[in-house]
Amino acid sequence: MRIHLVAIGRRMPDWVETAVADYQRRLPRELPLRIHPVDAASRPKKNPDVDRLRRDEGHRLLAAVPRGARIIALDERGRGWDTPGLARRIEGWREEGRDVALLAGGADGLDAACLEAAEVRWSLSPLTLPHALVRVVVAEQCYRAWSLLQGHPYHRG
């Protein structure tokens, strides 16, 4: 089973790339985290059609989802999970053997098509997080959940 973070935005600051790569290295081969960067929609400077931009990005996100993957929308209006809850979900996903695709939208959020395609909506926080930080939070929480499942001391709940 693989976890895919399908996210709007290609160019991330070095600190994001470094942090995500660190957690990716820590995860076992049996639970890799793969990042799928997706181009943001071109934004005109004046009067952008936000619905069109969101729809464009939503189409690109869904097209980047690996075939057969369970889709989970990262959405501030979704349900929050604690780390033990994420660990239980990862354990269940691994038992099913089905890949998981986490969708992270652009500046205007996820398109309705992404939300409808998702089996569940996960809120990382009630705060609005910068897109770069979302990648780090997802990578760290995947590692923390895995370490909890392994009884590793990294997770001290």
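The largest pocket holds about 420 Å³ of space. The model is a predicted one, in which local features need pLDDT of at least 70, side-chain atom pairs count only at pLDDT 80 or more, and totals for chains, interfaces and linings use all residues. Residues are numbered from 1 along each chain as its sequence is written, and side-chain values use heavy atoms, with hydrogens and water left out.

A pocket is an open set of points on a 1 Å grid over the protein atoms alone, where a 1.4 Å probe fits, with protein on both sides within 12 Å along at least five of seven lines; its lining residues have an atom within 4 Å of a point. The volume is the space filled by probe spheres set on the points, which are joined across faces, edges and corners. Lining the largest pocket are 21 residues, of which Leu74, Asp75, Glu76, Gly109 and His131 lie nearest its centre. Strand β3 gives the most to this lining, four residues.

Leu74 also belongs to the largest nonpolar core, which has 32 residues. Such a core is a set of buried Ala, Val, Leu, Ile, Met, Phe, Trp, Tyr and Cys residues joined through side-chain atoms within 4.5 Å; buried means under 20% relative accessible area (1.4 Å probe, protein chains only). The largest share of this core, nine residues, comes from α5. Helices (H or I, at least four residues) and strands (E, at least two) are DSSP runs, numbered from the N terminus.

Glu57 lies in helix α2 (residues 50-64). Glu57 touches Ile8, Ala40, Ala41 and Gly106, not counting residues up to four places away in sequence, where contact means heavy atoms within 4.5 Å.

Definitions and conventions. Buried < 20%, exposed > 50% of the residue type's maximum accessible area, 1.4 Å probe, protein only.
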